[in-house]
Amino acid sequence: PLVQKFGADYLRINAFCEPFLALGMVLTGALQGAGETFRPTIITLISMVVVRMPLAYFLMFTLNLQTHGAWISMAVTTIVGGVLTLFLFRAGTWKKLKV
């Protein structure tokens, strides 16, 4: 029962960020296929290391949200990564690269 509760909580928190995860994955693949590999990597580093880790620590231990804090951090940074990748893609600088 406890595992079911935690699993349901995880799904409730992260279900709405899945479209942003798909957006980030698809556009990162498109950018990398066009030869733009550096800036998508920077976006991943920023969203995963610079934002996700400290935010998760803050939510989990400072605000005492425990596992919910980690899942909220995951949702927030997934959305941030997807939106940043969308901005990079829409900027169109990848169209000028020669592979």
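**View 1. M25 sits in helix α2, which covers residues 18–33.** Helices here are DSSP runs of H or I with at least four residues, numbered from the N terminus. Is M25 buried or exposed? With 56% relative accessibility, M25 counts as exposed. The labels work like this: buried is under 20% relative accessible area, exposed is over 50%, and partly exposed is in between, using a 1.4 Å probe and protein chains only. M25 and I13 are 12 residues apart in sequence, and their C-alpha atoms are 20 Å apart in space. A heads-up about what you're looking at: this is a predicted model, where local features need pLDDT of at least 70 and side-chain atom pairs count only at pLDDT 80 or more, while totals for chains, interfaces and linings use all residues. Residues are numbered from 1 along each chain as its sequence is written, and side-chain values use heavy atoms, with hydrogens and water left out.

**View 2. Helices α3 and α4 pack against each other at an angle of about 155°.** Helix α3 spans residues 38–62 and helix α4 spans residues 67–91, with their axes 9 Å apart. An axis is a line fitted to C-alpha atoms, for helices over the stretch in contact, and angles run from 0 to 180 degrees between N-to-C directions. The two helices are therefore roughly antiparallel to each other; that word is for angles over 145 degrees, while under 35 is roughly parallel, 65 to 115 is roughly perpendicular and the rest is oblique. Their crossing is right-handed, meaning that the near helix is turned clockwise from the far one by less than a right angle. Contact means heavy atoms within 4.5 Å. Among the residues that meet are P40, I43, V51 and L55 in α3 and G69, I72, V76 and L88 in α4. Sorted by class, this contact has 13 nonpolar, seven polar and two charged residues. For the sorting, Ala, Val, Leu, Ile, Met, Phe, Trp, Tyr, Cys and Pro are nonpolar, Asp, Glu, Lys and Arg are charged, and the others, Gly among them, are polar.

**View 3. I43 belongs to the largest nonpolar core.** Which residues make up this core? There are five in all: L31, A34, I43, L88 and W94. A nonpolar core is a set of buried Ala, Val, Leu, Ile, Met, Phe, Trp, Tyr and Cys residues joined through side-chain atoms within 4.5 Å. Leaving out residues up to four places away in sequence, I43 touches G81, L84, T85 and L88.

**View 4. Helix α1, residues 2–14, crosses α4 at roughly 25°.** Their axes come within 9 Å. That angle makes α1 roughly parallel to α4, and the crossing is right-handed. On the α1 side you'll find F6, D9, Y10, I13 and N14, and they meet T67, H68, W71, I72, M74 and A75 of α4. This contact has seven nonpolar, three polar and one charged residues.

**View 5. N64 and Q66 both lie in the loop between α3 and α4.** N64 has a phi near 60°, a positive value in a residue other than glycine. Q66 isn't a glycine either, yet its phi is positive, about 50°. N64 counts as exposed at 52% relative accessibility, whereas Q66 is partly exposed at 49%.

**View 6. R90 lies in helix α4.** With a relative accessible area of 67%, R90 is exposed. R90 and L27 are 63 residues apart in sequence, and 9.9 Å apart in space from C-alpha to C-alpha.
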